[in-house]
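Let's take a walk through a protein together, one feature at a time. Have a look at the sequence and the 3D view, and then read on.

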Amino acid sequence: WRRCRMTSIRLGGTIGIIGGGQLGKMLAQSALRMGYRVAILDPSEDAPARSTCHTFIHAAFSDFDALKQLCEQSDVVTYEFENIDAHILRTLVNDYHVPQGAETVLTLQNRDLEKTAIRNSGADVVPYEKLAGKAQLEQFIESHQLPVIVKTSTGGYDGKGQVLIETEAELDTLDIPFDEAEWVVEKYLQLEREVSLTVARSTSGQVVYFPLQENLHKDQILYRTIAPARVDYMEEAKTAVDKIMAAMHFVGVFTVECFIDQEGKLYVNEIAPRPHNSAHHTIESCSISQFDAHILAILDHPMPEVHQHQPAVMMNLLGDDLDRLEEKLFTEPDWRVHVYGKTGRKPARKMGHVTVLTDDLDTTLDQLEQKFIKGV
Ligand code: ADP
Ligand code: MG
């Protein structure tokens, strides 16, 4: 990169983060605690991370000049937003110190390329196909049977851009705009469980693994995480992740989401090349958090071993939950409450999360469920 540095980045150096949502905010909080300065770029005037940085650049992710300005001010640049335009990202990687590089994130931006890369690494993925039109969808259903799920190849998150097809009748009335976007179809599994493994890899190749996380989704949005998972799949997930790491270049923290089907077989679903919602519990439950690990990894500092102090449950606070719980959030002695500071509250928007450390998982799960559902 142009601003070539022979020495490592010193305390007081500036970390530039593309994206100022909750992930950018929590990354910034780790960086600030460790003694770095933080610069953030985000298109939203009231981005959560605006309050946790020294410099805030209010600009679109497509604003090339603004991104360059962020890079000019930073000793190292990272992102919490993974859908940066390919041309822009390649240029930034070329000209500045962006240790994560461009190629992995560009592959993972596209579900078809992502699944192909995972399959080519030797890890198992659910049967899928890139879709050209309805005839191909019908053919896929003939070979794999219903139910299937159709997803946009790009831009989807929290279940957005996904259509579940369970019956022939649904298939008949379905109108997918094949001309307007790229789509993939995959077999919809009856899941026994979902797990995720969060890993950090430093620039020079040190790797640390967080405990395996067990995730429950509601309406395709993460509802609750339990760590460590109550199923014994750590070694299997690690094996899959190691295959993926051997095939693709990772720097920083990333999370591999996995499905376990009724037969007990593990499939890789997708990979997030950034901090992940299912690893938020690490802030309280582990020796270093996923955010600490990310900062250390991109700075190429040695990372400590990850050990978990106590089992943890993390639940997301959606807009709906905040409506019910707002007055009772800070009265629970064991709740570690995080509210991101987003101004617009919507029913299904991620507004915050709660982590509880516990040695009595069943009781804690009960108490949380009661609170979240009834608000009592
Ligand atoms: P996103 O990018 O929105 O996170 P995912 O592909 O991870 O998209 O889907 C979100 C959730 O929807 C998954 O965590 C899972 O609960 C459910 N889901 C998605 N695809 C499948 C599938 N093929 N079989 C079963 N459940 C699925
Ligand atoms: Mg997902």
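Where is the place of P147? P147 sits in the loop between α6 (134-144) and β6. Labels such as these come from DSSP runs, numbered from the N terminus: helices are H or I runs of at least four residues, and strands are E runs of at least two.

Before going further, here is how to read the model. It is predicted, so local features need pLDDT of at least 70 and side-chain atom pairs count only at pLDDT 80 or more, while totals for chains, interfaces and linings use all residues. Residues are numbered from 1 along each chain as its sequence is written, chains are lettered from A and ligands numbered from 1 in the order in which they are written, and side-chain values use heavy atoms, with hydrogens and water left out.

Back to the backbone. Most peptide bonds are trans, and most residues other than glycine have a negative phi. The bond from L146 to P147, however, is cis, with omega near -5°. A cis peptide bond also joins A227 and P228, with omega about 0°, and P228 lies in the loop between β12 and α8 (234-247). In the loop between β11 (213-218) and β12 you will find D219, with a positive phi near 50°. Q220 is in the loop between β11 and β12 too, and its phi is near 65°. D219 is exposed, with a relative accessible area of 70%, and Q220 is partly exposed at 37%. Here buried means under 20% relative accessible area, exposed over 50%, and partly exposed in between, using a 1.4 Å probe and protein chains only.

Next, follow β6 into a sheet. Strands of a sheet pair through backbone hydrogen bonds, either parallel or antiparallel. This open sheet has four strands in the order β5-β8-β6-β7, with antiparallel pairing; two strands count as paired if DSSP finds at least two bridges between them. At the edges are β5 (128-131) and β7 (162-165), each pairing on one side only. Strand β6 (residues 148-152) and β7 share four bridges, and I149 stands opposite L164 in β7.

Now to the metal. The magnesium ion (ligand 2) is coordinated by E257, through two OE entries, and by E270 (OE), at 1.9 to 2.8 Å. Donors are N, O and S atoms within 2.8 Å of the metal (3.2 Å for Na, K and Ca); water is not among the atoms, so sites may look incomplete. E257 is in strand β13 (residues 252-261) and E270 in strand β14 (residues 266-272), 13 residues apart. E257 is buried, with a relative accessible area of 13%, whereas E270 counts as partly exposed at 22%.

On a 1 Å grid over the protein atoms alone, a cavity is a set of points where a 1.4 Å probe fits but cannot get out, and lining residues have an atom within 4 Å of a point. The structure holds one cavity of 30 Å³ or more. Among the residues that line the largest cavity are Y79, H249 and P273.

Note on methods
On a 1 Å grid over the protein atoms alone, a cavity is a set of points where a 1.4 Å probe fits but cannot get out, and a pocket is an open set with protein on both sides within 12 Å along at least five of seven lines; lining residues have an atom within 4 Å of a point. Grid points are joined across faces, edges and corners, and a volume is the space filled by probe spheres set on the points.
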